[in-house]
Amino acid sequence: MTLKIYRDPSSASNPHLFFTKHVTIDWTIDFNRQVLSGYCILHLVANETPAKSSDFIILDTREINVKNVSFEDLKLNFEFGEKNFVGQPLKISLSNIPNLDSIKELALKIEYETSRDASALQWFEPKTTLGKKYPYLFSQCQAIHARSILPCQDTPMVKFTYEASVSVQKPLTVLMSAINTGKEETSETIRHKFAQNIKIPSYLIAIVSGDLVSSDLGPISRVWTEREMIERCAWEFADVDKMVKEAESLAGEYVWGRYDILVLPPTFPYGGMENPCLTFVTPTLIAGDRSLVSVIQHEIAHSWTGNLVTNCSWEHFWLNEGFTKFLENKLVGINQKSELFRQFECIDGWRCLVEAVKDFGDKSPLTQLVCPLDQVDPDDAFSSIPYEKGHSLLFYLEQILGGTEVFNKYLRAHIERFKGLSIDTNDWKQFLYEYFSDKVYFPTNCFKKFQRSSFEFKSGELAVDWNAWLNTPGMPPVVLKFDETLANQVKNLTEKLTNEEIVEKETIFDKFSSDQKRELVSQLLNQEPLSCSKIDSLNKYYKFGETQNSEILFRWIRLCIKAKWEPILQPALKFVTDQGRMKFTRPVYKDLYAWNFSRQAAIDTFLKERDCMHKTTASLVAKDLNISS
Ligand SMILES: CC/C=C\C/C=C\C[C@@H](O)/C=C/C=C/C=C\[C@@H](O)CCCC(=O)O
Ligand SMILES: [Zn+2]
């Protein structure tokens with residue numbers, strides 16, 4: 001068994017010597033000190049490059065307090081390398097392991113404790129939870145935060161199974177991105193046990209602990225959250241089993257056993273996180289009308305693209321997110337029984353892409369699909385670009401390679417070919433050419449070079465400008481056209497609201513779906529600023545400020561800020577304080593900062609709130625507001 005090695009600028013680890021095949025975790029959650037303490041055992045396998053006794057096994061860590069490293073009964077020497085933005089390498093010496101040449105497997109036991117600053121963890125004191133009685137903890141390991149909860153080869157090219165045993169004070173629950181395999185109780189504590197028997201990368205390790213309750217949704221699904229939210233969450237996500245079946249019809253068998261959902265506190269920085277067996281989601285999805293469940297479809301889709309077929313490094317993140325966005329939009333179409341709904345989602349996605357390219361600047365390397373990350377923290381590079389540019393490339397290929405039926409078969413074949421593996425863009429492209437070999441002629445040596453040069457098209461070759469799509473900043477080389485039926489129904493009202501005086505609410509508005517209402521505000525936002533009196537009327541007749549749909553509220557707030565409508569200041573500050581989903585919080589903070597009238601209020605609010613925010617959100621918003629950390 002060997003592991004294919006890729007370049008990963010976000011990891012200091014050296015899996016070319018030994019790579020992880022299984023991890024055993026034993027933790028005690030200490031809510032008083034806000035640390036996880038215990039040990040992990042990394043079960044390593046010798047890779048193709050033979051290790052010498054002068055070598056070190058290098059693991060990624062960040063703010064981890066290592067007490068002891070051992071192999072069987074042998075204590076191993078270790079030291080830390082230099083700290084930088086990817087953490088601090090832990091170098092474990094192999095010098096006193098006898099007969100190193102003959103060792104094929106090596107179980108390294110590392111006893112350690114996390115720090116209070118572990119970047120993967122957010123700790124809550126009881127008073128900050130809904131129930132106010134018990135503390136709460138959750139993790140977010142993507143992209144490179146797993147190293148703050150265990151020393152590991154924190155690169156997605158390495159995939160392993162894991163088992164965990166986690167002790168916590170009674171009556172708290174612990175859940176992980178794995179199957180629950182039982183518990184053991186003492187008078188004071190409960191030890192929860194887990195097993196993840198499918199190989200996963202480190203970024204998919206996840207843990208939550210709190211006073212959680214659950215409600216069954218179907219044979220393989222239940223939703224978990226705090227008691228105060230459970231009924232609303234169970235109603236919102238009632239269709240999840242059906243959605244998993246729809247995804248199976250597209251992508252193949254669902255192999256993870258369970259598809260549970262955890263609804264987190266509002267500081268959770270993302271819409272959703274595809275932790276296997278237990279998707280983590282933001283409470284901003286609870287709209288009260290199931291209108292935001294496409295995030296669940298997105299996370300379900302990751303069960304194949306991302307969690308089975310994984311990007312080998314964060315430079316190829318589009319392979320996770322572009323594919324998943326592509327499946328998500330297809331699932332929306334399948335669920336609504338019409339391709340029109342899929343195409344409608346694509347229009348919104350393209351608009352997000354335009355905005356993200358504008359944000360970074362169209363010359364920025366961070367707008368490339370294959371995104372260079374030397375000396376770049378993946379959190380700083382994160383944007384809609386891998387999602388939407390990746391989606392666009394696949395949408396384009398679908399069109400030129402024969403349409404949905406043909407491409408759906410290819411998607412299945414892609415998943416079948418790469419499941420269980422981590423891949424780069426070259427691997428993806430090579431298989432694409434292999435699969436469609438009847439359609440294209442290509443020179444066999446073209447794959448090696450695609451990163452640097454665009455190659456000339458030969459007769460019969462697939463006419464895709466790969467260099468422009470993959471390695472060039474800015475918008476894609478092709479402007480995609482989507483069916484506009486559903487958007488056009490909105491366009492008439494947009495024009496009316498823009499050009500005419502608003503004297504009452506147009507009745508057509510109530511016939512719109514929530515997504516069309518979102519589209520309406522997006523279209524209004526996509527043009528020149530409205531006058532304050534127009535915003536006054538929209539506010540009076542359409543009451544966008546009262547919506548429970550966070551996507552609409554987000555766009556409404558931005559529309560008002562763009563119009564310099566001063567009454568929006570307090571609602572905008574409340575919005576960025578009540579929830580911390582970065583997709584919403586960062587643009588609103590940035591808009592408030594860009595407007596003289598609200599700049600100081602934005603800074604003051606952030607400074608007051610930052611200690612209660614998620615660490616990643618706080619550090620990125622600080623950069624957005626030009627505040628040093
Ligand atoms: C090219 C970009 C390079 C690396 C980025 C990789 C990871 C970035 C890190 O910041 C973690 C991202 C986690 C994302 C989780 C869920 C998203 O799909 C949520 C999307 C936005 C939202 O809906 O709130
Ligand atoms: Zn995703």
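Guide: What follows is a short tour of a predicted model, going from domains to a helix pair and then to some backbone details.

Visitor: OK, which domains is the protein divided into?

Guide: The protein is divided into domain 1, covering 1-119 + 142-197, domain 2, covering 313-471, and domain 3, covering 514-624; these bounds come from an automatic or database domain assignment.

Visitor: How far apart are the C-alpha centres of domain 1 and domain 2?

Guide: Those centres of domain 1 and domain 2 lie 33 Å apart, and there is contact between the two domains, with 12 residues of domain 1 touching nine residues of domain 2.

Visitor: And what sort of residues are on the domain 1 side?

Guide: On the side of domain 1 that touches domain 2, seven residues are nonpolar, two are polar and three are charged.

Visitor: Switching to helices, how do helix 5 and helix 12 cross?

Guide: The axes of helix 5 (residues 339-360) and helix 12 (residues 485-499) come within 7 Å and cross at roughly 60°, and because of that angle helix 5 counts as oblique to helix 12.

Visitor: Which residues make that contact?

Guide: Helix 5 contributes L340, F344 and I347, while helix 12 contributes T485, L486 and A487; of the residues in this contact of helix 5 with helix 12, five are nonpolar, one is polar and none is charged.

Visitor: What about phi at R290 and at K337?

Guide: R290 is a residue other than glycine with a positive phi, near 60°, and R290 is placed in the loop between strand 20 (278-281) and helix 3 (294-301). K337 is not a glycine either, yet has a positive phi of about 55°, and its place is in the loop between helix 4 (317-335) and helix 5.

Visitor: Is K337 buried or exposed, and why?

Guide: K337 is exposed, because 8 other C-beta atoms lie within 10 Å, and a residue with 12 or fewer counts as exposed.

Visitor: And R290, buried, exposed or in between?

Guide: R290 has 15 other C-beta atoms within 10 Å and is therefore partly exposed.

Definitions and conventions. Residues numbered from 1 in each chain as written. Chains lettered and ligands numbered in written order. Predicted model: local features only at pLDDT ≥ 70, side-chain atom pairs only at ≥ 80, totals over all residues. Axes fitted to C-alpha atoms, helices over the stretch in contact; angles between N-to-C directions. Helix = DSSP H or I, 4+ residues; strand = E, 2+ residues; numbered from the N terminus. Parallel < 35°, antiparallel > 145°, perpendicular 65-115°, else oblique. Contact = placed C-beta atoms within 7 Å. Nonpolar A, V, L, I, M, F, W, Y, C, P; charged D, E, K, R; others polar. Buried ≥ 20, exposed ≤ 12 C-beta atoms within 10 Å, placed from the backbone.
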